[in-house]
Amino acid sequence: MELNRRSFCALPVSRRIVVAHWLIPAEPAHGFFQDLINDLARRYDAPVFEPHVTIYVGADSTDAVDTTLSKAARDCEPIVLQAREVSHSDEFIKALFVEFGLNSKLRQLNQVICSAAQNPSDYDLKPHLSLLYKRMSVQKRRPLARSIEVQFSQVIFDSLKAVRCISPTQSRADVEAWRVVTEKALRT
């Protein structure tokens, strides 16, 4: 069967089960972001999720996840990231998000996890903390992004979580199916 460009674009995106490695903000930022996520989810009929910065996504290898996170937690201290701006996109998982600056400690943590993973991936680290998972028009997203003020110029992240999820995440049902596999505090 010959596929023309139009029919090829209509094919479903390949989806698979992966493990996402999250960096979790410490208090008081965690509470601030969780309240904001909860409020936006309620107002826009969207899923609720824990505030996090995804630092790596790899194959679903349950056996290696605990070892990988343990090594990363032992090797890394809490990380401070510079909050930049609230942005928006047409991606479901990035309808509204806070951009963070990439620094050497975050790169190092990403490399530790990538090196420890049994099936390394080519995950592109672009640190952000999503605030809303929703498909919305740019006319709704733009003023919403401008209306949000983040109370912190710097955010401390002090723990890691590994979460089994469907990639790409495309719906509320996908978000609600997420399961935490393991969690570790970064060394203090």
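Which residues do ring pairs link into a cluster? They are Trp22, Phe49, Phe92, Tyr133 and Trp178; select these five to begin.

The model is predicted, so local features need pLDDT of at least 70 and side-chain atom pairs count only at pLDDT 80 or more, while totals for chains, interfaces and linings use all residues. Residues are numbered from 1 along each chain as its sequence is written, and side-chain values use heavy atoms, with hydrogens and water left out.

Across the whole structure, a search finds nine aromatic pairs (rings of Phe, Tyr and Trp, the last by its six-membered ring, with centres within 6.5 Å; planes under 30 degrees apart are stacked, over 60 edge-to-face, the rest tilted).

Next, display Trp22 with Trp178. Their rings are edge-to-face, at 5.4 Å centre to centre and 75° between the planes. Trp22 belongs to strand 1 (residues 16-25) and Trp178 to the loop between helix 6 (172-176) and strand 7 (179-185), so this pair ties together parts that are 156 residues apart in sequence. Helices (H or I, at least four residues) and strands (E, at least two) are DSSP runs, numbered from the N terminus.

Tyr133 lies in the loop between strand 5 (128-132) and helix 5 (138-147), so its pairing with Trp178 ties together parts 45 residues apart in sequence. Tyr133 is buried at 3% relative accessible area, and Trp178 is buried at 13% (buried: under 20%, exposed: over 50%, partly exposed in between; 1.4 Å probe, protein chains only).
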